[in-house]
Amino acid sequence: MIEFLAATIRIATPLALAALGGILSERAGVFAVGLEGMMLAGAFAATVGAWASGEPAIGMLLALLGGAAIGLAVAIVAVRFRADNMVTGLAVNILSLGLTSYLMRIIAGGGRPINIHLTPLAAVPIPGLADIPVLGRLLFTHPPLTYVTAFGCVALTLFLGRTQAGLTLRATGENPEAVFASGANPLIVRMLAVVSCGAIAGLGGAVLTLQQVGTFTDGMTSGRGYLALAALIVGRWTPWGAAAACLVFGAAEAFELRLQSFGVPVSSYIIQMAPYVIALAVLAGLGQSSKLPAAIGQPLQREH
Amino acid sequence: MSEAAPTLSLAAMLQARRVRLKPSGLAGRILLALLLSMICAAALIALSGHDPLAAFAAIARGAAGSEHQIGASLNRSTPYLIAGVGVALCFRGGVINIGAEGQIAVGGAGAAATALVFSAAPAPVAIVAALLGGALAGAAWAGVATAIHLGRRVHEVLATLLLNFVALLLVQQLLAGPLGQFGAGFLQSPLMPRSTWLPRLPGFDAHPGFLIALVAAAVCSFVLWRTPFGFALRVAGSSRLAAAYAGFSLARLTWGAMLAAGALAGLAGGIEVLGVHRRLIEGFSLGFGFKAVTVALLGAMEPLAVVPAALFVGLLESGSLAMQRQIGVPSALVTVIEGLTMLFVLVATVARK
């Protein structure tokens, strides 16, 4: 059972980080379809950074920058030039997939992807708390980025709910004209939100490479960015809701892995569908009373 | 409001007409975007220590150096063109349908299932039936998205995007169950009956799918520019308010565009299955739907202009494999070019009208 719960947390961590980033972007009024590309860029940058420097911390820093770079592309095209959010997101996902695969092959020269094997980051037990029976192993014995994710949930909740900047960001997603009238610049707010979203999602990608797999392979996020997008919808655009959704998705995947190892004849494909179907059901159930930020996806007026 | 609305609607209608009268500026901007992404690609090639001009030459030779290679490039372009035309139709009407990825996969499965049922029928009947089966399956999948979008007011992008993943898993489930070949080791259907294979065009190593695609583009262009439905769609795309004021039913327009796009995407999937693989394979259409969006954008949502756009992407992709073999520049470069082109074209078509 503990194994199962631990697997759930492990699978949910990269999703949750990406979803937290996505909340920043969507609450500011920009659809976060580019999460997949941001995660992938982060995963790549983290691997290469940690490999080249021998320092996982450098890898994390580069993951933030790599994800932010993709975020910047979205910010320029979708916010500054007012292109369709969704299509821009698709475009950066394609760009990121191509660019990471290409760079992976030219780093070593010779056209073959370079072989990198990193030792995955070890768990850091929190002194004192980790000794609590059961709970200690489950909650307080994790690799560093898992703690960062939990901390991020708290921080983002406080930021959105309790700070002036958070209020401005939410207002930009609901009514950019009001933000403009109050003296802030919705264009800048949205661009910053999308770039931060990229950085955080990039760190989510780093979880995969630095903490779990130890290497980078082409397109290794394999839809996790879209899963994070589904999670933040299911979580109704709140950090805790999204994190809970990620845990549910993680549990579904962990459950599926267990079933496979026991040879239970339940179709894994049907279980894998669950997150997307749940997200659709939540959206359909919300209907008009949707918590979707009112001005999401709408380009800013020219005067701004 | 009652005074302002008629002028608003008239202006939108005039604008819907004018787009066609002055396409030259738009075409120029798109070509500029294309040039920019090529310059970026050249920089990336240089970064890998190779000569960009030699790499581009290798792409050109690999894409169109022989009849065999031209055939392969045409086959590549076909699904992008057919599905891309449908996407263009939707985008023109302001319906952001990014569900082609799933609709193609479901269409392929529909065509494969129909082909297996019609295995005893004579070739022309079996082929037509299988392709119709694919188109129907694609349209049905688009219909699910439309029903969720209109019925429950879910944003169409989220509905189509999320259904893509469900569709891919559904096809995998079908391949693991009723459509699968037992004991194949990986997810694929048995070989399709010979009577449903698309024939080869004489002289070229291509199936007639590209001809079907050209017809589809011409028909869509006609529908968009010469029918009341197309006119209403263009008005709705320019201004929902104007379309509603003019009495066009937005729901009916959305249904029409989505079903047409779904049927086209399904047809693309069917052609890929019957013409290229001759069986349904897991992931046979991976990324096709997103490339359909790429070519629709590159073609400025103009069905006839999607033809050169799809040809460009198809030639680029089939040429890049030759580039990788001969010069050693990774073929992933093409994916970079596609992504960059999309971004530049987005900026070019939105910025400064």
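Predicted model: local features only at pLDDT ≥ 70, side-chain atom pairs only at ≥ 80, totals over all residues.
Helix α9 of chain A, which covers residues 186-213, has 28 residues and reaches 39 Å from its first C-alpha to its last, close to the 40 Å expected at 1.5 Å a residue.

A helix of chain B can be described in the same terms. Helix α14 of chain B, residues 333-350, has 18 residues and reaches 26 Å from its first C-alpha to its last, close to the 26 Å expected at 1.5 Å a residue. In α14(B), 16 of the 18 residues are buried, so α14(B) is largely enclosed by the rest of the structure.

| Helix | Residues | Reach, first to last C-alpha | Expected reach |
|---|---|---|---|
| α9(A) | 186-213 (28 residues) | 39 Å | 40 Å |
| α14(B) | 333-350 (18 residues) | 26 Å | 26 Å |

The two chains also touch each other, and the contact takes 40 residues from chain A and 39 residues from chain B. On the side of chain A that touches chain B, the elements that give two or more residues are α3 (56-80), α4 (85-106), α10 (224-234) and α12 (268-286) of chain A. Of these, α4(A) provides the largest share of that side, with 15 residues. Sorted by class, the side of chain A that touches chain B has 26 nonpolar, 11 polar and 3 charged residues.

Within chain B, helix α5 (residues 100-117) and helix α6 (residues 123-152) pack at an angle of about 145 degrees, with their axes 7 Å apart, and the crossing of α5(B) and α6(B) is right-handed. The residues that meet there include Gly107(B), Gly108(B) and Ala111(B) in α5(B), and Gly133(B), Gly134(B) and Ala137(B) in α6(B). By class, the contact of α5(B) with α6(B) has 15 nonpolar and 9 polar residues, and no charged residues.

Trp225(B) is placed in helix α8 of chain B, residues 209-226. Because it has 15 C-beta neighbours inside 10 Å, Trp225(B) counts as partly exposed. Trp225(B) and Glu302(B) are 77 residues apart in sequence, while their C-alpha atoms are 9.8 Å apart in space.

How values were computed: Residues numbered from 1 in each chain as written. Chains lettered and ligands numbered in written order. Helix = DSSP H or I, 4+ residues; strand = E, 2+ residues; numbered from the N terminus. Expected span 1.5 Å × (residues − 1). Contact = placed C-beta atoms within 7 Å. Nonpolar A, V, L, I, M, F, W, Y, C, P; charged D, E, K, R; others polar. Buried ≥ 20, exposed ≤ 12 C-beta atoms within 10 Å, placed from the backbone. Axes fitted to C-alpha atoms, helices over the stretch in contact; angles between N-to-C directions. Left-handed = near helix turned anticlockwise from the far one by under 90°.
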